[in-house]
Amino acid sequence: SSGGFYSYKINQSLRFNDGDSAYLTRDPSSAGNRQKFTYSVWFKRSVLSAAEQDLFSAGDSSTDRFEIILSAAYPDTLSIYMNTGGTIANVRTSQVFRDVSAWYHLVVAFDTTQGTAANRIKIYVNGTQVTSFATETYPSQNFNTAVNSTSNQYISKRNYVDDRYYDGYMAEI
């Protein structure tokens, strides 16, 4: 917001404080395309946390979920994680996100109709495609995710339990 330390404001932005358990939710009335979507966000971390933090999640349970996670288990990396009906995909960056003074622009391009597994999840950070991963397990071809389903979609928390709240800023989601 304007005032205080900064003399400008960033439109379409939010400040999340994990201690406040703040999050946004959307409960779609009908399903959309569950095989192709793009998620784009500018984010700026406020603190480095010993806890997992979800930027985005969707689904109804631990076995019906999609998450974009800032990982604590693998400090400060980013994971795209899916578990739907026993099918699991996990793509985790080697790159770390530890600069609490920097804004990061994240784009996740998801397309399970692609014949090549590595083309099904593409991650871009600050306009550059991420090509180095610590973990690469891709979804099967034509996989339907919890994203764009009639399940709840969340910003700043895990989908099926009240935890993994994000602590920082997000803009232009």
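This is a predicted model: local features need pLDDT of at least 70, side-chain atom pairs count only at pLDDT 80 or more; totals for chains, interfaces and linings use all residues.
Residues are numbered from 1 along each chain as its sequence is written. Local features need pLDDT of at least 70, side-chain atom pairs count only at pLDDT 80 or more, and totals for chains, interfaces and linings use all residues, while side-chain values use heavy atoms, with hydrogens and water left out.

Student: How many aromatic pairs does the structure hold?

Tutor: Rings of Phe, Tyr and Trp (its six-membered ring) pair if their centres lie within 6.5 Å; planes under 30 degrees apart count as stacked, over 60 as edge-to-face and the rest as tilted. The number of aromatic pairs in the structure is twelve.

Student: Which kind of pair do F66 and F110 form?

Tutor: The ring centres of F66 and F110 are 5.8 Å apart. Their planes stand at 85 degrees, so the pair is edge-to-face.

Student: Are F66 and F110 buried or exposed?

Tutor: Buried means under 20% relative accessible area, exposed over 50%, partly exposed in between (1.4 Å probe, protein chains only). F66 has a relative accessible area of 0%, and F110 has 2% relative accessibility. F66 is therefore buried, and F110 likewise counts as buried.

Student: Which residues form one aromatic cluster with F66 and F110?

Tutor: F66 and F110 belong to one aromatic cluster.

Student: Over which ring does the charged end of R15 sit?

Tutor: A charge sits over a ring if NZ of Lys or CZ of Arg is within 6 Å of the ring centre and within 35 degrees of the ring normal. The charged end of R15 is 5.2 Å from the centre of the ring it sits over, that of Y169.
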